[in-house]
Amino acid sequence: MAVAQSVPRMRRMAVLSARKRKVTPLPFDLIAFDADDTLWDNEPLYHMGRERFSQLMAKYGPLEDLDKLADRIEIENLKYYGYGAVSFVISLIESAIKWTNGRVAAEDIQGLIDLSREMIEADMPLLEGVEETVSGLADEYPLMLMTKGDLLHQQMKVDRSGLAPFFRYVEVVSEKTPDTYAAILARLDVEPARFLMVGNSMRSDILPVLEIGGWAIHIPNDLTWAHEAVEPGEMPSERFFEVDNMAFLPGLIAQVAGEDRSS
Ligand SMILES: [Mg+2]
């Protein structure tokens with residue numbers, strides 16, 4: 001008897017869930033999040049690092065143009081050392097040697113090495129709305145965390161953030177180019193048109209994803225590194241949204257789902 005009753009009920013549930021799927025199709029097969037300055041603060045650490053550097057260099061002479069030299073060396077070194085605190089500090093050491101014409105003291109070099117360890121061990125407070133949004137979306141969508149930087153450090157940050165259980169995939173890449181995204185999506189068999197990327201960097205998180213036909217949501221961060229910005233003329237218009245903070249994300253995604261339904 002119990003079995004006989006359960007059959008129509010199961011059928012009814014199957015019909016209902018099929019209807020539900022039809023009425024509210026999920027617009028994405030995968031949603032990916034950038035990590036630094038999207039999920040947690042990162043750039044303030046680098047500002048602190050530059051301040052420490054200036055303090056260490058002050059004894060060697062006027063600081064005029066020190067920042068310009070350090071900026072140039074940091075950008076030049078990206079192709080050798082990639083992104084992250086270790087690369088940053090190697091560039092500061094090189095800047096210190098050049099700035100002082102080789103006179104920089106070993107104790108100041110040690111001060112910069114200590115700085116890199118301090119940066120690697122620093123707390124990264126989650127940004128507003130992140131925990132609720134990521135945990136909520138993980139109930140509906142496969143989520144990926146996609147970040148560039150030093151593998152060990154990025155993995156440590158993911159572990160310490162408490163967000164790891166919500167991400168089905170974690171990808172630490174050396175650059176975020178259209179090819180990087182295309183290769184990851186191909187590996188996971190996800191169509192670009194069914195992929196959404198969320199991040200603070202136009203250069204790394206938004207433009208390459210739009211270029212391969214994906215969707216992107218920009219969450220600007222006041223302290224985004226100038227290297228990650230783009231000229232206003234490059235601003236895209238299709239499959240692109242911008243919100244002030246993470247808390248707006250679920251509503252926006254629901255809106256995209258609604259638009260898909262009517263098309
Ligand atoms: Mg970022």
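**Figure 1. Packing of helix H4 against helix H5.** In this predicted model, helix H4 (residues 85-99) packs on helix H5 (residues 106-121) at an angle of about 165 degrees, and their axes are 9 Å apart. H4 is therefore roughly antiparallel to H5, since angles over 145 degrees fall in that class. The crossing of H4 past H5 is right-handed. On the H4 side, the contact is formed by Ala85, Val86, Val89, Leu92, Ile93 and Ala96. H5 contributes Asp108, Ile109, Leu112, Ile113, Leu115, Ser116, Met119 and Ile120. By residue class, this contact of H4 with H5 comprises twelve nonpolar residues, one polar and one charged.

**Figure 2. Packing of helix H2 against helix H5.** Helix H2 (residues 43-57) and H5 also meet at an angle of about 165 degrees, with their axes 11 Å apart. H2 and H5 are therefore roughly antiparallel to each other, and they cross in a right-handed manner. Leu45, Gly49, Arg52, Phe53 and Leu56 represent H2 in the contact, while Asp108, Gly111, Leu112, Leu115 and Met119 represent H5. Six nonpolar, two polar and two charged residues make up this contact of H2 with H5.

**Figure 3. Surroundings of Gly82.** Gly82 lies in the loop between helix H3 (66-81) and H4. Because 16 C-beta neighbours are found inside 10 Å, Gly82 counts as partly exposed; a buried residue would need 20 or more. Leaving aside residues up to four places away in sequence, Gly82 touches Ser87, Gly149, Asp150 and Ser174.

**Figure 4. The nonpolar cores.** The largest nonpolar core contains 33 residues, and those with the most contacts inside it are Ile31, Leu196 and Val198. At least two residues of this core come from each of strand S1 (30-33), helix H6 (130-138), strand S2 (143-148), helix H8 (178-188), strand S4 (195-199), helix H9 (202-211), strand S5 (215-218) and helix H10 (249-262). Leu196 touches Phe28, Ile31, Gly214, Trp215 and Ile217, residues up to four places away in sequence not being counted. Another core, of 14 residues, lies apart from the largest one and includes Leu45, Phe53, Met57 and Val89. Among these, Leu45 and Phe53 belong to the H2 side of the contact with H5, and Val89 belongs to the H4 side of the contact with H5.

**Figure 5. Helix H9 and its covering elements.** H9 is mostly covered, with seven of its ten residues buried. The buried residues are Met202, Ser204, Asp205, Ile206, Leu207, Pro208 and Val209. Elements that cover them include S2, H8, S4, S5 and strand S6 (240-242). Following H9 is Gly213, which has a positive phi, near 95 degrees.

**Figure 6. Overview of the chain.** The chain has ten helices and six strands. Of its 263 residues, 30% count as buried. Among contacts in the chain with a separation of 6 or more, 70% are between residues 24 or more positions apart.

Technical notes: Residues are numbered from 1 along each chain as its sequence is written. This is a predicted model: local features need pLDDT of at least 70, side-chain atom pairs count only at pLDDT 80 or more; totals for chains, interfaces and linings use all residues. Axes are lines fitted to C-alpha atoms, for helices over the stretch in contact, and angles run from 0 to 180 degrees between N-to-C directions. Helices (H or I, at least four residues) and strands (E, at least two) are DSSP runs, numbered from the N terminus. Angles under 35 degrees count as roughly parallel, over 145 as roughly antiparallel, 65 to 115 as roughly perpendicular and the rest as oblique. A crossing is left-handed if the near helix is turned anticlockwise from the far one by less than a right angle, and right-handed if clockwise. Two residues are in contact if their C-beta atoms, placed from the backbone, lie within 7 Å. Ala, Val, Leu, Ile, Met, Phe, Trp, Tyr, Cys and Pro count as nonpolar, Asp, Glu, Lys and Arg as charged, and the others, Gly among them, as polar. A residue is buried if 20 or more other C-beta atoms lie within 10 Å of its own, exposed if 12 or fewer, and partly exposed in between; C-beta atoms are placed from the backbone. A nonpolar core is a set of buried Ala, Val, Leu, Ile, Met, Phe, Trp, Tyr and Cys residues joined through C-beta atoms within 7 Å.
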